[in-house]
Amino acid sequence: MIRKSIFASALLAATMISGIASAKTLVYCSEGSPEGFDPGLYTSGTTFDAVSRPVYNRLVEFKPGTTEIQPGLAESWSVSDDGLQYTFKLRPDVKFQTTDFFAPTRTMNADDVIFSFERQLKTDDPWYSYVAGASWEYLSGMGLPDLIASIDKVDDMTVRFVLKRKEAPFLANLGMDFASILSKEYADKLQADGKMNQMNLMPLGTGPFSFVNYQQDAVIRYKANPDYWNGKQKIDDLVFAITTDASVRMQKLQAGECQIYPYPNAADVAVLKADTNLTVMEQEGLNVGYLAYNTTQAPFDRPEVRRALNMAINKQAIVDMVFQGAATVAKNPIPPTMWSYDESSKEDVYDPEAAKKALDEAGIKDLSMKIWAMPVARPYMLNARRAAELMQADLDKVGVKVEIVSYEWAEYLKRARDPNHDGAVMAGWTGDNGDPDNFLHTLLGCDAVGSNNIAAWCNKEFNDIVVKAKEADGQEERSKLYQEAQAVFKNEAPWVTIDHSLVVVPMSNKVTGYVMNPLGTHSFEGVDLAD
């Protein structure tokens, strides 16, 4: 394993300083390392920023700054009257990137689309288990193996998805990162050479930037794709300088060592805003931060115990201390900016005495538990360690002893998805497609146990409602169902819903064309640097 070193830092500095005449280099101080480079295998926004956004495209894309679908690698589509068939006409003459490690001989076609999905759907596909211990957790967690009947090649430039039932968010789902389109020609070459694992190390797609190399936990380098179907980028070289400490990210921005970074410390925002060399963008996040109990393990398998613990936690103090007020206390598992949000839902009242009494009535004595704290900053939780310490102190007041644990980010995510994990896990979510299904089913549905449902909570009443909402007609009918689901969630309390945060992105005044994404990812398509 190659760790960040003096050599890597010097090499990064050389990249920035050299500024080869007319070449433009944008350095993004990212908050963490990607888990890998195959977007189908992962769910982390850190990974999506580094892989699917720069390197790949999807059949449909989200219009920058919105949750509105627009054409991507599909230039048009149609849906059958019964809602069971989606037919996509592919964009002609789209080239895959030419790199030092592969030179494609043909343009994108239906074979690439079918390969990109069937490798995740068909257990007998040689690519299904090409990374040992990994799984297609996003696709499977959304129940797509049970939804998609077939993916058919109508002709070289036309693909048809046939569904077993109606799925209201299906089109939006195809704009998500797991649905990135890969090169079948590249895959076939890797398979023939016995190098299939290279797909997760050296990605190749149709996107705005081509992958160059990765120095683990230090630097990722990309260059503008000269053949990009949507036009060559104004930035010639894109560099991700992996910098896990938010204070160091800030120092690098102020020193000109990077031009943009995510997730500043809340206490630093005022200083950043006062710096005349910087621009600070802000918007309400389509997110939620939470603590997920493992609902399969005693005593957290009992809703009355979970509700009692929720009363013991002062969520407003977490918002005040961790976010300096740049967040609101969460009462529901979806953000208040999303349609179907249940305004009538009642907040968990912070009441240590009532919590202690409820625990006594439940027969809980001398309870000890673990709280897992994320090792990286996320938009919905800027400092998980500090939040965990606050919860530890709160729970101590009601006689519950808490041990705080953490792991390296990729390991943290892997362990959290295991239904047998031994803690209450701090986590969160930023919506991927603007649909409530992407929170309520993706994070809490029975299909998602073992992937995104880290509470391992499979409640039949809740699950039946959210599955029914997928097939319902119209937003009004779906909203009623999702509000019913939120009421079940509130009564069962598989999570402590902590916060919905304001998202802040500081950058150099020289950065132009950057658009904040309500879905939480960071894209540098269309970005430029002023002279």
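In this predicted model, the largest nonpolar core holds 156 residues, and those touching the most other members are Leu59, Phe117, Phe161, Met381, Leu395, Met426 and Phe524. Residues up to four places away in sequence aside, Met381 touches Ile318, Val322, Phe323, Met374, Val376, Ala387, Met426, Ile498 and Asp499. In soluble globular proteins, nonpolar side chains tend to be buried together.

Ala50 is part of helix 2, which covers residues 45-50. Is Ala50 buried or exposed? With a relative accessible area of 2%, Ala50 falls under the 20% limit and is therefore buried. Neighbours within four places in sequence left out, the contacts of Ala50 are Pro34, Phe37, Ile220, Tyr222 and Phe240. Between Ala50 and Val162 there are 31 Å in space, C-alpha to C-alpha, and the two are 112 residues apart in sequence.

Pro34, a contact of Ala50, also belongs to the lining of the largest pocket. This pocket has a volume of about 930 Å³ and 34 lining residues; nearest its centre lie Pro34, Glu35, Gly36, Tyr42 and Ala410. Helix 15, residues 409-417, supplies five lining residues, the largest share of the lining. The lining divides by class as follows.

| Class in the lining of the largest pocket | Number of residues |
|---|---|
| Nonpolar | 15 residues |
| Polar | 10 residues |

How values were computed:
Residues are numbered from 1 along each chain as its sequence is written. This is a predicted model: local features need pLDDT of at least 70, side-chain atom pairs count only at pLDDT 80 or more; totals for chains, interfaces and linings use all residues. Side-chain values use heavy atoms; hydrogens and water are left out. On a 1 Å grid over the protein atoms alone, a cavity is a set of points where a 1.4 Å probe fits but cannot get out, and a pocket is an open set with protein on both sides within 12 Å along at least five of seven lines; lining residues have an atom within 4 Å of a point. Grid points are joined across faces, edges and corners, and a volume is the space filled by probe spheres set on the points. Helices (H or I, at least four residues) and strands (E, at least two) are DSSP runs, numbered from the N terminus. Ala, Val, Leu, Ile, Met, Phe, Trp, Tyr, Cys and Pro count as nonpolar, Asp, Glu, Lys and Arg as charged, and the others, Gly among them, as polar. A nonpolar core is a set of buried Ala, Val, Leu, Ile, Met, Phe, Trp, Tyr and Cys residues joined through side-chain atoms within 4.5 Å. Buried means under 20% relative accessible area, exposed over 50%, partly exposed in between (1.4 Å probe, protein chains only). Contact means heavy atoms within 4.5 Å.
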